[in-house]
Amino acid sequence: MADNQNRNGVAHDNGSHEEHFREKHLMLDPMPRGKMNEMVMDAMHTTSWKFWLVFGMLAALVAYALFYKWGVMILEGLGVAGVNRPAYWGIFLVNTVFWIGISHAGTFISAILRVFKAEYRRPFTRAAELMTTFGLIQAGFSIFMHMGRVWLSYWLMPIPNQRELWPNFHSPLSWDLLAITTYLLGSTMYLFLPLIPDLAMARDRSDGWRKTFYKVLALGFRGTEGEWVHLRNAMNIFAFAIIPVMFSVHTIVSWDFAMATRPGWSSTVFGPYFVIGALHSGMGAVVMVLAVVRGTMKNMKYFIRPEHFEAIGKLMLIISMSWGYFFFNDYLVQWYGGDKWTKQLLHWHEAGPMGWMWFAMLLFNVVIPWGVLWNRKWRSMPWLLFTVGLLINVGMWFERYIIIPISLTINRMPFTWRLYEPGIEVWLGIGTLAFFILLYMAASKLIPLIPVWEVQEGQMAHSLKKFGRETVVTVSELE
Amino acid sequence: MTAEEKSILAVFADIDPAADAIEQLRLLGVHDDCMNVISGIPVTEAMLGRPSQWTNVPRLALGGAIAGFLVGVFLSFITPDMYTILVGGQPFTPVPPAVIVVFEMTMLGMLLSTFLGVFLDSYFPSYRPMKYIPEISDGKIAILIECPPPDEQKVTDLLKKLGAESVQLTEAQHL
Amino acid sequence: MTTELKIPEYKLAEEESGKWGMVVDTDLCTGCQACVAACAMENNIPYVGEEDAAYGRSMHWIRTERFWEGEYPEVRMTDYQPMLCQQCGHAPCEPVCPAFATVHSQSEKLNLQVYNRCVGTRYCANNCPYQVRSFNWRDYQDPRLRPEITILANQFNPDVTVRRRGVMEKCTFCIQRIHKAQDLAKSEGREVEDGEFTTACAQACPANAITFGRIDHPETLVSQLAHSSRGVHHLEELGTLPRVTYLKGG
Amino acid sequence: MSKQISRRDFLKLATAGAATTAVLTGCGPASRYVEREPYQRMPEYTYNGLSTYYATACRECAAGCGLVVRTMQGRAIKVEGNANNPVNLGKTCARGQATLQGLYNPDRVENPTRQNRGAALSGDALEWDAAIQIISDALKNTDPAGIAFLMGMAPDHLFDLVSDLAKAIGAPAPLRFGALGMFEARATLGRAAETMLGRSAMPFFDLANADMVLSFGANFLETWLSPVAFTRDFSKMRRGNPKRRGYFIQFEARMSQTASKADEWIPIRPGTEGLVALAIGRLVAELKGGSVPASFSSVDPLEVASTAGIKLETLEHVAQLVVGSQAPLAIPGGAALGQSNGLATAESVLALNALFGNFGIPGGVFLSPLSPNQDAYHRPASAREMTDFIAKMEDGTIKVLFVHGVNPVFELPASLGFAEALATVPQVISFATFPDETALASDYIFPDHHGLESWGYQRVVTGSSQPVLSGAQPVVSPYFNTRATADALIAAAQLAGGKFAEAMPFADEVAFLQGKLAALVGEPDGSFFAPEINTFTAYFQQHGGWWMTAPALSSPSASNALARTVSPGVAEFAGNGEFFFLPFVSPTLADAGANKPWLQELPDPTTTVMWNTWIEMNPQTAQVMGIDNDDVVEIVSEAGRVEAPVYLYPAIRPDVIAMPFGQGHTAYGRFAAGRGTNPADVLGVRFNEAGDLAFAGMKVEVRKTGKKPQVLSRLESRIGVYGEGMGEEH
């Protein structure tokens with residue numbers, strides 16, 4: 001992870017050189033742990049009136065758009081939404097796929113980067129992992145909204161009815177249910193485990209209701225050798241085990257479509273294509289969250305620095321390229337096959353009334369990320385990455401919109417083709433977005449957003465070492 | 001060890017003095033079993049020269065995985081036979097979908113038991129009074145001598161000499 | 001001495017016969033909608049109103065499709081093609097339902113829709129290549145929302161469940177009639193005879209374009225028609241084994 | 001086919017219950033009613049889960065199809081065709097199926113009502129005694145010459161009763177009218193039969209046995225005369241004979257549902273049908289060799305082709321097909337007859353049949369038999385006769401008007417002024433079941449039962465080669481406080497006393513019916529034999545009517561038809577517009593279906609539009625005019641104007657605008673009122689030689705309104721069927 005700027009061998013004044021490193025790298029800019037604790041606690045406690053204003057507005061929005069509108073839909077039926085024949089699935093499933101996609105970033109950062117010991121992950125693993133849990137909650141909302149008789153949704157649980165009839169495990173939706181449940185539980189536990197030491201830290205620095213709150217959540221953690229060992233073992237297992245779960249979740253989500261005998265959907269590449277798509281939108285969301293956290297929360301400029309944006313930007317570029325590769329792969333195979341219906345579908349995507357969306361998807365998912373992220377300086381700019389992340393998310397939402405309701409227009413019965421026009425689900429979608437932000441805002445005030453102990457561990461492991469005239473960053477493996 | 005007993009708690013800022021102190025204490029006759037290290041960051045046993053900690057977490061994880069596997073097998077191979085229904089010309093208990101169910105249940109079993117393993121091994125949650133000082137979460141390393149040491153004063157002096165920031169008698173208190 | 005090579009009898013999936021079948025002669029179908037009306041009356045199908053109907057939410061279990069060929073004056077309308085549930089032998093709608101709400105009947109070899117088990121994921125409808133499933137988008141039959149139902153409900157067929165919102169439905173081959181005929185035959189200690197009963201659509205069809213009956217008996221009218229050289233199955237290439245045969249062409 | 005036997009078995013099973021009840025309980029109306037019970041309560045006379053089936057007649061149009069209605073616990077559940085009735089042989093059309101939605105319609109007239117010509121149903125309910133007093137007073141206190149009865153098109157028992165009553169009291173004979181009869185041009189068919197076939201009767205076209213059918217505008221698969229019978233015959237024509245498949249050519253300016261089933265649709269210019277028929281005749285005669293009859297030799301096929309806007313080769317091709325066929329048949333009908341030259345057109349087509357030599361042979365032209373208890377063919381009133389009737393309303397001749405079974409305010413062209421004339425009639429009493437426009441414009445509405453709650457019979461005019469009298473009986477007890485109009489009239493006449501009571505000496509409607517059926521008792525060649533009237537009535541109910549077992553078609557002579565010279569020429573068109581206006585009856589709604597929600601939701605067969613009216617335009621014409629789908633345009637004729645959204649219909653002549661009749665009600669219940677528009681609003685007062693309305697003889701202008709487009713509710717996909725939104729090529 002060494003950021004070697006002096007490839008040309010020009011030696012700078014040593015002192016300023018180190019200063020330069022320190023400015024750039026959180027890991028080389030250590031601070032006493034107590035000070036960092038204070039900063040994190042301070043960030044958690046400092047709440048401006050603006051925060052409450054936004055919070056209140058979002059809460060009202062959640063109450064109206066999510067709960068009230070959903071209630072209306074439950075009472076009146078799905079007729080208030082835009083779903084029809086043949087677009088039986090609409091924005092509900094677009095949002096489900098979208099939120100599950102968002103949730104993938106958390107796991108990617110906290111598991112894959114942990115396994116591969118990408119050190120820059122340290123300050124924002126929690127921020128990312130929170131997205132997993134909160135995103136999955138929104139995905140859950142979206143998928144339950146989608147059901148015609150949501151009050152009977154417990155019939156899908158793996159429990160028998162009074163006649164010993166269990167759910168149908170032939171159905172991709174049953175797989176989905178198991179996979180999403182596994183993923184939600186797994187990622188929540190994985191969020192919680194590394195949080196315990198920080199909760200203990202917060203417990204030690206709070207009083208009043210917060211003290212009780214953290215005391216209960218910290219479970220009595222002190223940091224004894226045994227506790228650390230169990231925790232680290234568990235985290236290791238989680239880091240490895242959650243990765244296949246993550247891959248399976250979005251693969252199974254893609255199978256909801258790929259198992260169907262529909263033109264455009266029946267594709268073997270959908271699994272990895274969806275996983276990459278999920279990471280694409282997820283990483284976009286991570287940079288957005290980091291930019292907001294850095295910009296709005298106290299003391300966060302210390303923890304979250306341009307180097308992090310730079311590193312994530314690089315990942316985003318790679319993921320964007322992979323997404324482009326999978327997209328092209330899917331497109332080419334469908335195109336080359338020459339099936340009558342698939343051809344109509346591809347034509348519909350590009351030349352149909354929603355063709356603009358297809359082109360916007362390519363612009364946002366490929367053209368803009370490639371154009372911006374190749375440049376190290378550009379991808380170190382938080383606001384720019386925020387914008388790119390936003391566009392990627394819009395583009396990825398478009399991608400799911402194209403795959404679901406727009407593709408559903410075209411089937412093998414041209415007599416039934418009809419365009420989907422969203423109804424109440426727009427409100428419900430806004431509701432899930434508001435709820436996601438609301439949960440995030442609440443979390444930012446309730447749990448330490450920065451895993452301080454992990455940052456300290458990282459700072460301990462980093463040092464500068466001179467090789468001849470060159471000073472480089474070295475990392476020692478502490479675990 | 002009971003909560004009423006007082007123990008010596010020495011707080012160090014760095015790993016090196018703490019490791020030295022542990023070595024010296026051992027020489028003073030404080031048994032490893034009587035010492036416990038409490039730290040704000042995970043300090044490995046090797047760094048402090050402490051014996052390896054035993055953990056059941058991996059075994060529990062394996063056990064959970066096996067249990068989950070069996071649940072998956074039950075769901076995909078046994079439940080369809082309880083009420084046989086033919087769908088889409090597929091067999092009652094097709095293998096490919098079963099792979100998915102078994103995989104997910106295995107992973108769920110493993111993750112759940114790993115998580116529970118931490119709770120079991122660490123006796124979480126525990127809200128009883130415990131010996132602890134809040135400075136630990138400032139990244140300090142504390143050595144807790146839980147058996148009555150052979151010579152309390154001597155130990156205290158030694159610890160102070162070795163660079164302990166503070167040495168005190170603590171009793172268990174609510175965290 | 002030569003040994004006769006015995007090839008074990010292997011039955012292709014395509015040869016697997018259904019029990020009940022239907023033949024639709026598109027050369028005869030005049031598009032008159034009598035089948036659609038008969039089906040709606042028999043099966044308590046709700047009307048959805050102008051707006052929902054315009055938005056692809058009409059709930060006809062059977063619809064007559066027609067297309068155009070050429071341009072004026074050489075324009076031709078294709079034959080009317082009544083499209084209804086094909087009662088696939090290997091129905092794509094069935095395995096995808098997580099609640100076992102659409103299943104295959106082993107005794108009748110029909111594709112069943114179990115209304116009270118449906119939770120409304122609408123996966124079956126997505127996966128139906130024939131797009132013949134209709135969904136209860138609203139409570140179309142609730143007298144609290146539609147006061148006229150209070151009196152219109154007098155004509156409801158007591159043998160057919162009235163579906164509420166959030167439930168998928170589709171053509172059942174008038175299974176209530178199948179059951180009635182079977183019950184009667186059983187009480188009289190005999191088999192159901194071909195032509196003893198028929199579906200509402202076939203019964204109404206003034207052009208006799210729809211024939212329903214046992215396709216597993218080679219001598220019945222329906223199975224003879226189904227084996228006519230004019231017979232085609234829709235989207236046969238998907239391997240769905242439809243039980244509805246269309247007689248095409250002149 | 002084995003199927004037919006088994007179907008008969010099924011019906012035997014189905015009506016057995018009805019037969020026994022009927023024979024045992026006698027025939028008073030009250031004794032036959034089964035009370036509605038909750039489904040949980042099973043009265044002792046029903047078997048758990050078993051239905052009772054009653055045979056009756058369909059009243060949705062005048063064809064007289066037989067029905068078997070499934071009932072359960074006193075509710076009518078399902079309508080099926082009566083497999084024994086020779087008209088429909090067990091089949092029904094969509095309107096017949098939806099008749100239950102009329103029975104259980106939420107917008108029926110529930111009580112005898114003092115309506116006072118209000119805009120909405122007044123709700124001022126009367127007792128039936130008071131109602132009968134009012135009818136009685138109207139009969140007694142009016143000069144009989146001032147009493148007028150206006151009835152529906154069906155020749156049923158009520159028409160007989162009213163005819164008897166009118167005759168006895170010296171009132172003018174009742175008039176029957178229906179929009180279907182107007183659009184079918186029945187008067188023209190009758191007159192053409194008289195001149196060409198020798199007798200005023202309904203011609204019978206043996207479609208089933210023909211192998212080459214030329215239809216000149218006859219929409220026989222839709223609403224024309226007896227559509228179920230024609231559809232069955234069409235099916236037999238196509239596939240009845242395994243050795244050959246009948247060929248079908250339709251000459252029509254717009255591809256109607258009937259034309260859509262044709263092997264060839266030839267879009268000729270409206271008003272040239274007669275000429276085209278003669279030209280084909282000439283070409284056929286020339287191909288066959290021998291002499292060409294005078295009517296035919298007077299036309300020049302080349303000239304005709306150019307007048308009709310088609311190629312000569314097309315006519316020659318048709319002629320060759322005819323020559324190569326065994327049993328050619330030409331059918332005149334629909335809009336071809338609703339022209340200024342409609343009668344000559346009908347005559348030309350009949351002459352063409354004569355040229356084919358198909359009079360009185362299978363696959364040819366016959367005269368329909370009379371119904372069993374009928375003395376002569378009574379056709380419904382033509383539009384010209386209605387105009388005379390309106391004139392009598394206006395000049396005060398008519399003092400009391402009784403209306404039953406017809407809604408002339410809606411059905412007649414507004415330009416005829418029926419509504420205005422109605423306002424001048426001192427007393428109007430309606431017997432409408434539904435609050436239609438005419439009923440609302442009446443002083444009183446004394447609602448009749450719905451058809452399924454009623455007794456009666458209906459004469460079958462055409463559709464079967466056998467003489468058929470379809471019988472009706474109540475299948476459920478009346479849902480509302482309604483009374484059979486026959487009963488109300490009998491009671492009122494008896495109350496009036498004197499000659500009125502003498503004219504109606506019946507205990508009730510059923511007694512009247514039995515009187516009318518008495519002539520058939522002991523008749524040997526019928527569908528059943530009964531030695532005395534009570535058994536006859538019981539069997540009549542059980543069988544759903546009485547019919548002769550053998551065909552009784554009469555064969556006309558061709559010599560007269562060929563000797564007569566017909567020269568249809570080209571029709572004259574009223575108005576200076578750019579487009580021919582072609583109104584047609586909606587195949588699914590017909591004249592009175594708009595109040596049944598399921599009929600509204602049935603897609604129109606050709607356009608798949610539901611719940612609305614549309615204007616059909618050729619896409620090329622529309623493009624030139626800058627009109628798109630769903631644009632609201634106005635049609636302006638010399639008589640009026642009407643607005644509707646446009647449907648770009650690929651199979652219509654570019655110079656023709658078509659519009660369905662059936663919607664555009666201002667009343668008639670929640671499903672009909674305020675929905676769509678009525679093309680009758682633009683029809684002018686022009687008649688053909690037979691007195692039928694020249695409804696297709698208008699030229700109209702099409703104007704853009706600039707209003708917000710009204711999206712038509714279509715079942716079809718505009719993307720999949722028309723490629724809309726698929727870019728340039730797909």
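1. The contact between chain C and chain B draws 10 residues from chain C and six residues from chain B; two residues are in contact if their C-beta atoms, placed from the backbone, lie within 7 Å. On the side of chain C that touches chain B there are five nonpolar, four polar and one charged residues. Here Ala, Val, Leu, Ile, Met, Phe, Trp, Tyr, Cys and Pro count as nonpolar, Asp, Glu, Lys and Arg as charged, and the others, Gly among them, as polar.

2. This is a predicted model, in which local features need pLDDT of at least 70 and side-chain atom pairs count only at pLDDT 80 or more, while totals for chains, interfaces and linings use all residues. Residues are numbered from 1 along each chain as its sequence is written, and chains are lettered from A and ligands numbered from 1 in the order in which they are written.

3. The contact of chain C with chain D takes 50 residues from chain C and 59 residues from chain D. Helix 1 (34-42) of chain C is among the elements that give two or more residues to this side, and it gives the most, with seven residues. Helices (H or I, at least four residues) and strands (E, at least two) are DSSP runs, numbered from the N terminus. The side of chain C that touches chain D divides into 28 nonpolar, 12 polar and 10 charged residues.

4. Chain C contains an open sheet of four strands in the order 10-1-12-11, with mixed pairing; two strands pair if DSSP finds at least two bridges between them. Strand 10 (210-214) and strand 11 (231-232) of chain C are the edge strands, each pairing on one side only. Strand 1 (residues 20-25) and strand 12 (residues 244-247) of chain C run parallel and are joined by four bridges. C:Val23 stands opposite C:Thr245 in strand 12 of chain C.

5. Chain D is divided into domain 1 (1-176 + 370-552), domain 2 (182-368 + 557-563) and domain 3 (579-722); the bounds come from an automatic or database domain assignment. The centres of domain 1 and domain 2 of chain D, taken over C-alpha atoms, are separated by 35 Å. In chain D, 18 residues of domain 1 are in contact with 15 residues of domain 2.

6. Chain A has 17 helices and two strands. Along its principal axes, the C-alpha trace of chain A spans about 75 × 55 × 45 Å. Among contacts in chain A between residues at least 6 apart in sequence, 80% join residues at least 24 apart.
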